[in-house]
Amino acid sequence: MKQETGRLKEILHVLNQHNVTHGINPEKLCSILEDLGPTYVKLGQIMSMRSDILPEKYCHELARLRTDVKPMSFNEIWKILNKELHNDPGQLFQKINQIPVGCASIAQVHEAVLGDGSKVVLKIQRPQIKQIMAEDIALLKKASGFLNFATGTGELIDFRKVIDELWETSKEEMDFEKEAQHLERFYENQKDVAYVTCPKVYKEYSNEHLLVMSYVDGIQIDHIEELDRNGYDRKEIAQKTAQNYCKQILADGFFHADPHPGNLWISGGQIVWLDLGMAGDLSEHYRAIMKRAITAILKNDIYELKNAFLSFGKPTEKIDHASLYTDLDDMVGKYMNMDFGTMDLGELMEDAIGLLKKHKIAIEPDITLLARSMVTMEGTLKLCSPEVNMIQILTSYMSANMFHEIDIKKEIRHALRDIYGSSKKSLEIPAQVSDLLNITKNGQVRVNIESVQIEKAGRELKKGFDHLLLVLIVMALWFSSAILCLSDVTPRVLGMPYLSVAGFISGFLIVLYVLIHMLIQRKK
């Protein structure tokens, strides 16, 4: 309890130092996370992938965070290996390099040699890291009441929701068995692509806290001088990397969610994808929608693009369709005037997600993960070969694969079904026209038009008609009462027919009701 109180005080001290009560900006958020330590830096890195719960400018800044963690001693590494392998590491490995090749908040990586001489890397999870992160998350939730993350538009971020989302993602990344499954699935998807591979998993030595993979001896994709010295064609590397990434998204539905330069190496003429701790799943439904959206942009089909946009998420409020069409038209117009070579995918994705947020369309986490992944991929390609354009590759990939994806039998069945449906409807047209004429003659036509502005105008018009109707009723009552006064109708009250008095009083009450109602509405 004392330890928890002390850590909470430490968190509040850091927040106080950065004057969070006076608002926050992306740079300040990064500084806070760095001051809070590696656990929070890791959370920041995960947050950078979630533009559905954080504004885009925050995601940009958080993506620059890098974890700088003090390495664990080799004695501690040996103890962890002994515990996880249930055996003396010296019996299983010929050699384990004591100097780590990488240190992060969750794990530490060492090179090693198996008993059969195979070179491997050991990804070793830090002890108690899940418990430590769980405690920090709990404390951060308590401290969240003191935070007021205000965006440039004045909207408030639900920080507790952000923390919950990040914790779920962190737990998945800390499960090395899940990462092993990702590697195996990725390898299976790419096994027929000669120029792509990923590390092999040694399942007999791996578990939730230890991952043993084949060693990759190569060159990082952004080490351009080294690539040039070794005779590699960087433009070809970038193009093939982009093409394979398009395959992952549109064909496989399983993609690398964090393709930064450190996770892409060139080895023996192959592109090696590393670290699949964070991977995305894209259902066939969303892949079809994405293809529709890209095709709609290429064809400048604003109506199809709107339908695709609405399919990406669920509206949380009633949609103003006229406004959405206008915004989509502006966005498409902006990019249709550009050459593919000059289009910026990152800017396009930001505009698209911004539009979804503006119209209160809740986006699925897989879609935002894909959007952030695509932006990261574009940045990586620019570092390798600036002339390669991600949008150009994406559209070329779609054009090249469109014919292969057509199922002729299925298309014929769909066409016949459409022809049958159209012909059936066309036969019904004379009867429908006859019905329409009949109901028009009888005054029963009702036209449904959905629009926010028209509905509002309709309500005002209805009020006007209601008041007009009441005025006509009052006039009728008073006019008929006046005529009755000239008649000999009995019984009489105060020298006037009883019905005449009742008509005058009823008319007066209606006028009084209308006046009171109008006063109440005006006050509202």
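This is a guided tour of a predicted model, stop by stop, with what to select at each one.

**Before selecting anything**

Residues are numbered from 1 along each chain as its sequence is written, and side-chain values use heavy atoms, with hydrogens and water left out. Because the model is predicted, local features need pLDDT of at least 70 and side-chain atom pairs count only at pLDDT 80 or more, while totals for chains, interfaces and linings use all residues.

**Stop 1: the whole chain**

Select the protein chain and colour by pLDDT, the predictor's confidence in each residue, from 0 to 100. The chain averages a pLDDT of 77, and 70% of the residues score at least 70. Show the secondary structure: the chain has 20 helices and 15 strands. Helices (H or I, at least four residues) and strands (E, at least two) are DSSP runs, numbered from the N terminus.

Of the 524 residues, 41% count as buried. Buried means under 20% relative accessible area, exposed over 50%, and partly exposed in between (1.4 Å probe, protein chains only). Contact means heavy atoms within 4.5 Å. Among contacts with a separation of 6 or more, 65% are between residues 24 or more positions apart.

**Stop 2**

Select residues 148–156, where pLDDT stays under 50. The model has 17 contacts for them beyond four places in sequence. Then select residues 444–452, where the pLDDT is also below 50; this stretch has nine contacts beyond near neighbours in sequence. Where pLDDT is low, the predicted coordinates should not be read in detail.

**Stop 3: helix H5**

Select residues 74–85, which form helix H5. Its twelve residues reach 16 Å from the first C-alpha to the last, close to the 16 Å expected at 1.5 Å a residue. The expected span is 1.5 Å times one less than the number of residues.

Show the side chains of Phe74, Ile77, Ile80, Leu81, Glu84 and Leu85, which are buried. They cover an arc of only 115° around the axis, which puts them on the same side of H5; the arc is that of the directions from the helix axis to the C-beta atoms. An α-helix has 3.6 residues a turn, so residues three or four places apart point the same way.

H5 is followed by His86, whose phi is positive, near 55°.

**Stop 4: a four-stranded sheet**

Which strands make up the open sheet, and in what order? The order is E5-E10-E9-E7, with mixed pairing. Two strands pair if DSSP finds at least two bridges between them. Strand E5 (196–197) and strand E7 (219–220) stand at the edges with a single partner strand each, so one side of each has no neighbour in the sheet.

Walk across from E5. Two bridges join E5 to strand E10 (residues 270–273), and the two run parallel; Thr197 stands opposite Val272 in E10. E10 and E9 pair in the antiparallel sense over four bridges, with Leu264 and Trp273 as bridge partners. E9 and E10 form a hairpin with two residues between them, and Gly268 in the turn has a positive phi of about 55°.

H11 lies across E5, strand E9 (264–267) and E10, running at about 50° to E10. Axes are lines fitted to C-alpha atoms, for helices over the stretch in contact, and angles run from 0 to 180 degrees between N-to-C directions.

**Stop 5: Pro261**

Select Pro261, in the loop between strand E8 (254–256) and E9. Pro261 is buried, with a relative accessible area of 14%. Leaving aside neighbours within four places in sequence, Pro261 is in contact with Gln220, Ile221, Asp222, Thr380 and Leu383. Pro261 and Met377 are 116 residues apart in sequence and 8.7 Å apart in space, C-alpha to C-alpha.

**Stop 6: two loop residues with positive phi**

Most residues other than glycine have a negative phi. Select Asp275, in the loop between E10 and strand E11 (279–281). Asp275 has a positive phi of about 55° and is partly exposed, with a relative accessible area of 30%.

Finish at Lys360, in the loop between helix H15 (345–358) and strand E13 (361–363). Phi of Lys360 is positive, near 55°, and Lys360 counts as partly exposed at 34% relative accessibility.
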